[in-house]
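Subject: Structure for you to look at

Dear colleague,

Here is the structure I said I would pass on. My notes on it follow below.

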Amino acid sequence: MPKTVADVMSRDPIVVRVETPLKEAIQILAERHISGLPVVDDVGKLVGIISETDLMWQETGVTPPAYIMFLDSVIYLKNPATYERDLHKALGQTVGEVMSKNPIAISPDKTLSQAATIMHDRSVHRLPVLDGTNQVIGILTRGDIIRAMAASQD
């Protein structure tokens, strides 16, 4: 019988809230040697993910999008909305301002194969595991899947 997400996930993961100061989230990531945290609302429902990728904007900053002028019109060569989102991340002070919204999640009864496919296809490094009421009950990382693969070879 194939292993399920519930068999391998880390249970009761550390979560942060939208209003958590960014400095606190960075400290948690550094001290616990983890690369991302689920973000929950006041009732514990998943609303986002804060990851190392989101935090890189704090250090690197953003560059305004290139544009050309043509007949007194500005034509952007890249989407200015993307620049605005990235700028917001670079200047954010709370988890809610920097997190990635609409995170991809998984239920505990899915197989590891299904989880691995989602992670690969969507280029994500972790999947929050949600119960039937959208409460975060675990987290599954790529490392968890690799460790499960290694254990099954023994």
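Two strands count as paired if DSSP finds at least two bridges between them. By that rule β8 and β9 pair in the antiparallel sense, over five bridges. Arg126 stands opposite Thr141 of β9. Please keep in mind that this is a predicted model.

The β8–β9 hairpin

Five residues separate the two strands of this hairpin, and Asn134 takes a positive phi there, near 65°. Asn134 is in the loop between β8 (126–130) and β9 (136–141). Its relative accessible area is 42%, which makes Asn134 partly exposed.

Strand β8 itself is mostly covered, with five of its five residues buried. Arg126, Pro128 and Leu130 point one way from the strand, while Leu127 and Val129 point the other way. Both sets are buried.

Asn102 is exposed, with a relative accessible area of 73%.

The four-stranded sheet

Strand β7 belongs to an open sheet of four strands, in the order β2-β3-β4-β7, and the pairing is mixed. At its edges are β2 (16–17) and β7, each of which pairs on one side only. β2 pairs with β3 (residues 36–40) in the parallel sense over two bridges. Arg17 has Val40 in β3 as its bridge partner. Helix α2 (residues 22–32) lies across β2, β3 and β4 (46–51), and runs at about 140° to β3.

Helix α7

Which residues of α7 (residues 142–152) are buried? They are Asp144, Ile145 and Ala148. Seen down the axis of α7, these buried residues fall within an arc of 100°, so they line one face of the helix. An α-helix has 3.6 residues a turn, so residues three or four places apart point the same way. On the other side of α7, Ile146 and Arg147 are exposed. The buried residues of the helix pack against α1 (5–8), β1 (10–11), α6 and β9.

The nonpolar cores

The largest nonpolar core has 14 residues, and those with the most contacts inside it are Val5, Ala115, Leu127 and Leu140. Two or more residues each come from α1, α6, β8 and α7. The largest share, three residues, is from α6.

What does Val5 touch, leaving out residues up to four places away in sequence? Its contacts are Ile106, Ser107, Pro108, Lys110, Thr111, Leu112, Ala115, Val129 and Leu140. Apart from this core lies another, of 12 residues, including Ala25, Leu37, Ile50 and Val98.

Regards

Conventions. Residues numbered from 1 in each chain as written. Predicted model: local features only at pLDDT ≥ 70, side-chain atom pairs only at ≥ 80, totals over all residues. Heavy atoms only, no water. Buried < 20%, exposed > 50% of the residue type's maximum accessible area, 1.4 Å probe, protein only. Contact = heavy atoms within 4.5 Å. Axes fitted to C-alpha atoms, helices over the stretch in contact; angles between N-to-C directions. Arc of directions from axis to C-beta. Core = buried A, V, L, I, M, F, W, Y, C linked by side-chain atoms within 4.5 Å.
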